[in-house]
Amino acid sequence: MFRALATAAVVSGLPARLSACAVPVRADDDRSSPLGAVLDLLGVPRAQVTMSVGPPRANRKPVLQLSDEGGQPLAYVKVGHDDLTRSLVRHEAHSLARVAEAAIPTLRCPDVLGLVEREGLAMLVLAPLPFPGRALPSRRAQEALVRCVADVASISGPRRSSWSTGPWAQRLRASLADSGPTGGRLLEQLATLTDLHPDLITSTWHGDLNPGNVLLHQGGAVVWDWERFEDGPPLGADLLHHHLSRSLFVRGQDPAASARSSLETAPDLLAPLLPAADGQEAVAVARIYLVALAARYLEDRRDNPTSPVARVEDWLLPALERAPTTPHTTHRRRRP
């Protein structure tokens, strides 16, 4: 039953109204099936399975919730079903191992119970995370968010370095070089930033720290979805991503205005992370982040050409090309 349902979801694509469903399954119905292997890993004979499939996008993958007969969650399972999603699932398993090894008390992420590969599926099995308590009010939440970004950055870094010569920047340039004329224009932006700001503070970043992937609470932060975790981007990119994602997908603001706001507010937004830097360095970090985000959307467009945010030439690229780049034209705002 699960095999047919999963095939319909990940190969054919379920309509949005059918993107979540629940079916009872038994491990002993087919011990060699992908789900049977997961239940064997958990050491349970049966489970209730709820499968959700997100909106159409290149990295869409089913997520399973396995619960016992009383409805208590046993595990969550991310299912990679093609080259892209399998690589993301495997990368997340590796990323979560690094985060766990860092053992940062104020940063929590799901424990990896195992990675099951069967019949062309890569299935990352994650332990449920208990709800840590009430969410914080907005002012304290911003302070906790900055601490969360700093915690993630501490896994490798921060350090001042020639950011453009590292593997992260090399992968970024390679991606843009494979993205046609728009990628070429973004490469020009990156070259200008390299000339103006050859050295920046770099670190690790979560890579998709949007409001849906982090829960801020009194003791720190719970963070999910580590499939974009990387070494090498400028410190502060995660904070900018949270700011832009909230503007786009929570508040529903205009994409072009949101991109411009990312550049205009960068000095104040990044001041807690870059206290010794001037406003120009913060704006440079924001510009590099927007180039990297544009590269990601262009990659997605190759697999999902209908995605509106993937049309970066309509909002991200204009914000970058119209903003001033010379050091004397931008100044940090004074705090009240």
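**View 1. Helix 4 (residues 138-153) against helix 7 (residues 237-250) in a predicted model.** The two axes come within 9 Å and cross at roughly 140°, which makes helix 4 oblique to helix 7 (angles under 35 degrees count as roughly parallel, over 145 as roughly antiparallel, 65 to 115 as roughly perpendicular, the rest as oblique). From helix 4, Q142, L145, V146, V149 and V152 meet D238, L239 and H242 of helix 7 (contact: heavy atoms within 4.5 Å). The residues of this contact divide into five nonpolar, two polar and one charged. This is a predicted model, in which local features need pLDDT of at least 70, side-chain atom pairs count only at pLDDT 80 or more, and totals for chains, interfaces and linings use all residues. Residues are numbered from 1 along each chain as its sequence is written, and side-chain values use heavy atoms, without hydrogens or water.

**View 2. The salt bridges of K78.** K78 pairs with E92 at 2.8 Å, N to O (salt bridge: a side-chain nitrogen of Lys or Arg within 4 Å of a carboxyl oxygen of Asp or Glu). K78 is in strand 4 (residues 73-80) and E92 in helix 3 (residues 83-102), so the pair ties together parts 14 residues apart in sequence. K78 is buried at 8% relative accessibility, and E92 is buried at 1% (buried: under 20% relative accessible area; exposed: over 50%; partly exposed: in between; 1.4 Å probe, protein chains only). D225 also forms a salt bridge with K78, at 2.5 Å, N to O. D225 sits in the loop between strand 11 (220-223) and strand 12 (230-234), 147 residues from K78. K61, K78, E92, D225 and E227 are linked in a network of salt bridges.

**View 3. The salt bridge of E281 with R160.** The side chains meet at 3.1 Å, N to O. E281 lies in helix 10 (residues 279-303) and R160 in strand 8 (residues 159-161), so parts 121 residues apart in sequence are tied together. E281 is buried at 11% relative accessibility, whereas R160 is partly exposed at 48%.

Technical notes. Axes are lines fitted to C-alpha atoms, for helices over the stretch in contact, and angles run from 0 to 180 degrees between N-to-C directions. Helices (H or I, at least four residues) and strands (E, at least two) are DSSP runs, numbered from the N terminus. Ala, Val, Leu, Ile, Met, Phe, Trp, Tyr, Cys and Pro count as nonpolar, Asp, Glu, Lys and Arg as charged, and the others, Gly among them, as polar.
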